[in-house]
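Here is a short report on a single chain.

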Amino acid sequence: MSGVAAVLTLTGDPARSETLLGEITGRLRHRGAHGHARICDGRAALAHLYFDTGVATRGGIGPWRKRPDGPVLSGDLAIINGPDLAKAAGCPYQGDACAILAAYDRWGLDMCPKIEGEFAFVIWDGARQRLCGMRDRFGVKPLAFKAKSEEISFASEPAALACSGESLDDGWIARFLLGDEADPRRTAFRDIFRVPAGHMVVCENAGVKVRSWWQIEARDVAASAAPEALAEALDRAVRLRLQGDCATLLSGGLDSSAMTCLAARHSPDPIRAISMRYRDMPALDEGVYIDAVRALGNIKGIDEQAVTGASFDDPEQRLREQGYPFFAPGQATAYQTYRAVAASGARAVIEGHGGDEVIGTGVWYYAELARQHHWGALWTALRQRNAFDPLPLGPRALMARALRRHGPRPVRGALRL
């Protein structure tokens with residue numbers, strides 16, 4: 001993990017960029033415990049906050065520049081095809097950031113689909129007077145922006161862009177209290193937005209545009225070939241991410257077990273698998289499944305006894321870190337888990353969070369389809385789920401419930417009557 005900050009002054013004194021950048025980096029200190037560096041170039045100023053992990057700093061400390069008068073990049077990078085990207089761009093590999101800059105020199109903004117992995121970065125192109133922020137396909141790395149008439153700014157976290165007296169977004173607050181955060185772009189602040197996953201924000205000629213550079217595409221696979229196709233895709237994804245000193249999180253569930261087994265298959269040394277155990281709450285402990293995975297071999301199991309009842313410890317610290325209220329009932333356990341990863345000596349972690357929902361079409365997915373008015377897809381998903389695992393209310397009743405809450409106004413009213 002590292003931090004990204006960038007400011008472009010559109011009017012007035014260019015020195016304001018450097019002043020505002022200092023304020024933003026001050027709010028991102030927790031993303032750069034070992035320091036930060038900056039580059040100021042005319043109207044633009046970029047900063048990179050870093051931890052000395054040997055992974056985030058590969059290729060040197062950012063911001064990065066390939067040549068004295070070339071574009072500047074600051075980013076939180078975990079890409080997996082840096083050497084291949086540099087080769088395709090026609091230059092020697094000198095780190096992931098320089099590979100991205102070489103790709104930008106060759107393909108411009110069309111480079112994004114050629115980058116594989118997780119990333120959030122900002123590029124300042126002084127020759128074109130263009131500032132761009134890009135986010136990876138699934139939004140693993142965070143990036144937010146704020147566009148005003150005087151300047152545009154980027155940061156790894158929305159709260160870092162919030163100055164004193166920032167207007168709050170009443171709509172976001174209402175949705176948060178209702179448990180309905182359907183719009184991934186909005187934040188608690190009215191004028192601060194997240195860069196959507198698979199999108200870029202381009203500022204040039206005093207205009208700001210949000211553009212999609214990637215969308216997920218359906219792949220038709222015969223039912224008989226689907227298991228092998230899924231296995232190949234997961235195997236490749238894990239193998240390419242086994243870079244440096246890695247560990248996995250093993251809960252005993254479907255997703256984490258699959259990731260750990262695949263990592264063990266390709267790791268030259270036993271892969272460290274960290275598991276949370278619940279000695280005082282046996283009903284929560286999944287040790288029988290954890291032990292079954294470890295028994296497959298080339299896995300070094302590390303148990304961490306969960307500390308229960310800590311969810312509300314030091315709420316002020318949690319709010320300072322996040323910047324505003326958030327819904328994360330398991331965050332205390334997550335903190336403990338990642339501390340265990342760090343203590344193990346690992347500098348990167350592979351986890352399968354969300355795999356159960358993807359494979360099993362979790363119930364949260366139905367509400368998402370209803371909110372987006374994808375009624376055909378919702379009906380198909382409900383019927384398929386019912387055929388695999390009968391639903392207590394049945395697909396018709398659940399479909400009626402979804403229409404009653406999210407359907408067109410006449411339908412919604414009729415069903416409520």
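## Burial and basis

A residue counts as buried under 20% relative accessible area, exposed over 50% and partly exposed in between, with a 1.4 Å probe and protein chains only. By that rule, 43% of the 417 residues of the chain are buried.

The model is predicted: local features need pLDDT of at least 70, side-chain atom pairs count only at pLDDT 80 or more, and totals for chains, interfaces and linings use all residues. Numbering runs from 1 along each chain as its sequence is written, and side-chain values use heavy atoms, without hydrogens and water.

## Fold and dimensions

The chain has 14 helices and 16 strands (DSSP runs: H or I of at least four residues for helices, E of at least two for strands). Its radius of gyration is 23 Å, close to the 22 Å from the globule rule for 417 residues, so the chain is as compact as a globular protein of that length. That radius is taken over C-alpha atoms, and the rule is 2.2 Å times the number of residues to the power 0.38. The C-alpha atoms fill a box of roughly 65 × 60 × 50 Å along the principal axes.

Contact means heavy atoms within 4.5 Å. Of the contacts with a separation of 6 or more, 58% join residues 24 or more positions apart.

## Cysteines

A disulfide is a pair of cysteine sulfur atoms within 2.5 Å. The count is 0. The sulfur of Cys-132 lies 8.6 Å from its closest cysteine sulfur, in Cys-203, too far for a bond. Cys-163 is in no disulfide either; the nearest cysteine sulfur, that of Cys-203, is 18 Å away.

Cys-132 is buried, at 0% relative accessible area. Cys-163 is partly exposed, at 36%.
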